[in-house]
Amino acid sequence: PSPSETEETSVESARASGPPTVEELAQASFPGIMDEPVRLTDGTWHGDPFVEGGASAPAVGLVERFYLAGDVTGDGNQEAVALLWSSSGGSGTFDYLAVTGHSAEGVVCLATAELGDRVQVRAGRIHEGRIELDVVQAGPEDAACCPTELAKRTWQMGPDGLTESEPQVTGTLSLAELRGPEWVLTDFAWDEPAPGEPEVTLTFEEGEIAGRGGCNNYFGGVEETGDAPNGISIGHLGSTRMMCPEPIMAVEDRFFRQLAGTTSYSFLAGHLALSWQGDQEGGVMLFQPREKTADDS
């Protein structure tokens, strides 16, 4: 075959391998975030300190819990859509969408788009070639720290990269937004996944929470507090009184302790994040909505 035929075959072979994986994205290069493209190493990039010897430095990282795959470019092949965070040393954290694909040379970033400062992603999807995100963002009266505006944002891939349509404001953040799905615990802390078994769940209804702690069913009250737009307080927890093997009871006891100390909620890449505070400790638990099946009404 001619060199051009060999090159075309190589490109088609790379595309046929499917969209880039999370593992590949963690080592990829991304333009459009800093002044120069940044290449991640194991999911992060760290620049030089702003002041020689100082602790403040730019950083970029891959949000591992976010991943979408679909045909965004309209060429019949699937691309991967990633979410990256960036920090320039201040209090703000900016997120970026990145559309990636395979080429003969490996993973390539096709386009990036900025979401904004401290935008929370509630859910994401690729629909008819468009990237759609349900987000919580700062409204006209919100401080950057405390967004309350619910919006649907949509991007389309074109010759000049990603173009965003006019955002659709859909409401204001409230506890009502947590109702509906059954939330499944995925992480006891940012860097500590919850065990796959026993499964721990959480549901919200008006003024009430319920679920399974791993061994027992539980229930309690929940209300919004005035400390912040996303502040909540969990009332006394009650539960059934079954006894299970010690490892399961340890999971349940820890979950009940952390849940009882919940002070606020937010969203991270489609996950519900509950911040909690105890007497001498605190942290964040992460939950994901249970996927609906064909049998669900």
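## Helix 3

Helix 3 has 15 residues and spans 21 Å from its first C-alpha to its last, which is close to the expected 21 Å, a figure defined as 1.5 Å times one less than the number of residues in the helix. Helices here are DSSP runs of H or I with at least four residues, strands are DSSP runs of E with at least two, and both are numbered from the N terminus. The structure is a predicted model, in which local features need pLDDT of at least 70 and side-chain atom pairs count only at pLDDT 80 or more, while totals for chains, interfaces and linings use all residues. Residues are numbered from 1 along each chain as its sequence is written, and side-chain values use heavy atoms, with hydrogens and water left out.

The buried residues of helix 3 are Met249, Val251, Glu252, Phe255, Phe256, Gln258 and Leu259, where buried means under 20% relative accessible area, exposed means over 50%, and partly exposed lies in between, for a 1.4 Å probe and protein chains only. An α-helix has 3.6 residues a turn, so residues three or four places apart point the same way. Ala260 also belongs to helix 3, which covers residues 246-260, and Ala260 counts as partly exposed because its relative accessibility is 43%. Leaving out residues up to four places away in sequence, Ala260 touches Ile234 and Leu237, a contact being heavy atoms within 4.5 Å. From Ala260 to Ser174 the distance is 86 residues in sequence and 19 Å in space, C-alpha to C-alpha.

## The nonpolar cores

A nonpolar core is a set of buried Ala, Val, Leu, Ile, Met, Phe, Trp, Tyr and Cys residues joined through side-chain atoms within 4.5 Å. The largest such core has 29 residues, and those with the most contacts inside it are Phe204, Ile209, Phe255, Tyr265, Leu272 and Phe287. Among the elements that give two or more residues to this core are strand 14 (183-189), strand 16 (201-205), strand 18 (217-224), helix 3 and strand 23 (282-289). Helix 3 gives the most to this core, with four residues.

A second, separate core of 21 residues includes Ala113, Ala151, Trp155 and Ala269.

## Strand 6 and its partners

Strand 6 (residues 79-87) is largely enclosed by the rest of the structure, because eight of its nine residues are buried. Strands count as paired if DSSP finds at least two bridges between them. Strand 4 (residues 59-62) runs antiparallel to strand 6 and is joined to it by four bridges, with Gly61 having Trp85 as its bridge partner.

Strand 5 (residues 68-70) is likewise antiparallel to strand 6, through three bridges, and here Leu68 stands opposite Val81. Seven bridges join strand 6 to strand 7 (residues 94-103), again in an antiparallel arrangement, and in this pairing Leu84 faces Tyr96 as its opposite residue. In a regular strand the side chains alternate between the two faces of the sheet.

## The disulfide

A disulfide is taken as a pair of cysteine sulfur atoms within 2.5 Å, and by this rule the count comes to one. The pair is Cys215 and Cys244, whose sulfur atoms are 2.0 Å apart, and the link is right-handed, with 80 degrees about the S-S bond. The two cysteines join distant parts of the chain, 29 residues apart, with Cys215 in the loop between strand 17 (208-212) and strand 18, and Cys244 in the loop between strand 20 (238-239) and helix 3.

Cys215 is buried, at a relative accessible area of 0%, whereas Cys244 is partly exposed, at 21%. Cys109 is buried too, with a relative accessible area of 13%.

## Backbone features in loops

The peptide bond from Glu197 to Pro198 is cis, with omega near 0 degrees, and Pro198 lies in the loop between strand 15 (192-193) and strand 16.

Asp42 is not a glycine, yet has a positive phi of about 55 degrees; Asp42 sits in the loop between strand 2 (38-39) and strand 3 (44-46), and is exposed, with a relative accessible area of 60%. Glu128, also not a glycine, has a positive phi of about 50 degrees. The loop that holds Glu128 runs between strand 9 (120-127) and strand 10 (130-137), and Glu128 counts as exposed at 62% relative accessibility.
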